[in-house]
Amino acid sequence: MDRIRNERRGAVALLTLDRPKALNALDTATLEQLIARCAEVAADPTLRAVVLTGAGRAFAAGADIAEMRRLDALGAERFSQLGHAAMEAFESLSVPSIAAVHGYALGGGCELALACDWIYASTKARFGQPEVGLGLIPGFGGTSRLLRRVGSGWAKELVLGGQPIDAETAQRIGLANRLFAPEELVDAALAAGESIAAKGPLAVATAKRVMQESQDADVRVAHAIERTAFGWISASADRNEGMDAFLEKRDPEFRNA
């Protein structure tokens, strides 16, 4: 049974969590399919971006509590490991990923959105890490990714307080990049993906890699990583084509090489 639809929209993959009756709760089967869908995306050299959204009334209302309730401590740790693997599969994609969040993005759903490169949200979206209300803590990377996205103060309020926030607050604190009317959300995310597709794919992938490798590094190490990558990409055919096209006042024809 497919729990995640994979549709091609031009150069963009549209992945849709498809358990609407369960508000797209993340159970073992869904997490395993997330990893499989990321492998499909990674294996397609013609894709330039990914948009992730949810069917029905929610992006993802969290991990599947009914499944988690049956787990002992070792089973819970393994479930957390699977969740981390799914989030890391998204985070490590060479192409940019955009979460298109409508409705609830709570617990594991918020963590999944955080694993994407950026978040577009419906004006009706709600974000939160409510795990402490269940006697739990975030288990799919929320404690670390929230800190990096919104800073210590807001991350601690969301995780320790356990209360959700609305879309306007999410944008104000830097959790969501932009807000859209619900009916415009997915189209806006797809349009952003198509805009990325017009850029140099090798440059986009390299810039993403450099930022990810640099985010936890000393600034001098980060600068060294950037200098090396800048020199490497300057030897690419795409760099020559991009500069020639600019000087000749025409659209570039990038070849990912």
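## The β5-β7-β8 sheet

In this predicted model, three strands make up an open sheet whose order is β5-β7-β8, with mixed pairing. Its edges are formed by β5 (104-106) and β8 (165-166), each of which pairs on one side only.

The pairing of β5 with strand β7 (residues 126-128) is parallel and extends over three bridges. Within β7, G128 is the bridge partner of L106. Helix α4 (residues 108-115) lies across β5 and β7, and the helix runs at about 90° to β5.

## Strand β6 and its partners

Strand β6 (residues 118-122) is mostly covered, as four of its five residues are buried. Strand β4 (residues 97-101) pairs with β6 in the parallel sense, over four bridges. In this pairing, W118 of β6 stands opposite I98.

Strand β9 (residues 178-180) is also joined to β6; the two run parallel and share three bridges. Here F180 in β9 is the bridge partner of S122.

## Nonpolar cores

The largest nonpolar core comprises 48 residues, and F90, F127 and L175 have the most contacts inside it. Helix α3 (residues 73-91) is the element that gives the most to this core, contributing six residues.

## Helix pair α5 and α6

Two packed helices are described by the angle between their axes and by the distance between those axes. For helix α5 (residues 142-150) and helix α6 (residues 152-161), the axes come within 7 Å and cross at roughly 140°. That angle makes α5 oblique to α6, since only angles over 145 degrees count as roughly antiparallel. The crossing in which α5 passes α6 is right-handed.

On the α5 side, the residues that meet α6 are L146, L147 and V150. Their counterparts in α6 are S152, W154, A155, L158 and V159.

## Helix pair α9 and α10

Helix α9 (residues 201-214) packs against helix α10 (residues 219-233) at an angle of about 165°, and their axes are 9 Å apart. The two helices are therefore roughly antiparallel to each other. The crossing of α9 and α10 is right-handed.

From α9, the contact is made by L202, A203, T206, R209, V210, E213 and S214. From α10, the residues involved are A222, I225, E226, A229, W232 and I233.

M68 belongs to helix α2 (residues 65-69). The relative accessible area of M68 is 23%, so the residue is partly exposed; a buried residue would have under 20%. When residues up to four places away in sequence are not counted, M68 touches A63, F79 and L136.

M68 and P45 are 23 residues apart along the chain, and their C-alpha atoms are separated by 37 Å.

Key:
Residues numbered from 1 in each chain as written. Predicted model: local features only at pLDDT ≥ 70, side-chain atom pairs only at ≥ 80, totals over all residues. Heavy atoms only, no water. Core = buried A, V, L, I, M, F, W, Y, C linked by side-chain atoms within 4.5 Å. Buried < 20%, exposed > 50% of the residue type's maximum accessible area, 1.4 Å probe, protein only. Pairing = 2+ DSSP bridges. Contact = heavy atoms within 4.5 Å. Axes fitted to C-alpha atoms, helices over the stretch in contact; angles between N-to-C directions. Parallel < 35°, antiparallel > 145°, perpendicular 65-115°, else oblique. Left-handed = near helix turned anticlockwise from the far one by under 90°.
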